[in-house]
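Student: Please take a close look at a single part of this model. I want the protein surface around the DNA, with the cut-offs spelled out.

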Amino acid sequence: MRHWLMKSEPDVYSIDDLRRDGRTSWEGVRNYTARNWMRDDMKEGDLVLYYHSNAEPSGVAGVAKVVRDAYPDPHALDPASHYYDPTAKPDVPRWVSVDIGFVERFPAIVPLAALKAEPDLAGMEVTKRGSRLSVHPVDAAHFEKVRAMGRAQG
DNA sequence: GCCAACGTTGGC
DNA sequence: GCCAACGTTGGC
């Protein structure tokens with residue numbers, strides 16, 4: 001099983017939205033590196049650090065899990081969608097979605113500053129300057145550490 | 001609001 | 001195929 005980090009702006013869709021809905025489709029990824037990970041390596045049962053970006057504070061808000069492997073992103077084919085891509089075709093969908101389910105919400109956000117300050121998390125992608133990928137893998141040890149930090153708060 | 005990082009686009 | 005311009009992300 002792999003571990004991942006996925007970024008969402010809480011003003012758009014937060015961990016509380018995911019808890020309310022139980023599960024959701026992860027749509028609108030329009031970056032090839034992120035897409036390739038979703039398409040090729042994300043599998044049902046994988047665990048996900050749910051990260052709030054552009055937030056106060058930004059940081060890891062909880063844990064989700066992959067509940068459906070990649071499938072063509074329907075929004076890419078929908079002209080009415082914000083995520084419409086005129087170069088995507090039904091036979092060559094180009095972009096993919098996965099579905100994720102709610103697992104847990106931490107008592108408090110684990111802020112990015114706390115991740116950066118933790119020696120055990122040295123080298124973690126999200127702590128690097130200029131890290132922009134909205135979906136990327138996380139080492140199992142880093143995942144466990146962040147989850148422990150999240151549970152220890154509050 | 002600023003700006004660094006960096007992926008994508010398009011002229012050549 | 002190079003690379004400058006442009007657009008987006010996202011921390012601060």
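**The surface at DNA strand B**

Tutor: Chain A has four helices and six strands (DSSP runs, H or I of at least four residues for helices, E of at least two for strands, numbered from the N terminus). From the N terminus the order is β-α-β-α-β-β-β-α-β-α. This is a predicted model, where local features need pLDDT of at least 70, side-chain atom pairs count only at pLDDT 80 or more, and totals for chains, interfaces and linings use all residues. Residues are numbered from 1 along each chain as its sequence is written, chains are lettered from A and ligands numbered from 1 in the order written, and side-chain values use heavy atoms, without hydrogens and water.

Now the DNA. Asn31, Tyr32, Arg129, Gly130 and Arg132 are the residues around DNA strand B (near means that a heavy atom of the residue lies within 4 Å). They divide into one nonpolar, two polar and two charged. Here Ala, Val, Leu, Ile, Met, Phe, Trp, Tyr, Cys and Pro count as nonpolar, Asp, Glu, Lys and Arg as charged, and the others, including Gly, as polar.

Which part of the strand do they meet? Of the atoms of DNA strand B within 4 Å of the protein, 85% belong to sugar or phosphate. The rest belong to bases. An N or O atom in the Arg129 side chain is 2.7 Å from a phosphate oxygen of DNA strand B. For Arg132, a side-chain N or O atom is 3.1 Å from a base oxygen of DNA strand B.

Methods: A polar contact is a pair of N or O atoms within 3.5 Å; within protein, one must be able to donate a hydrogen and the other to accept it, and residues adjacent in sequence count only if both atoms are side-chain atoms.
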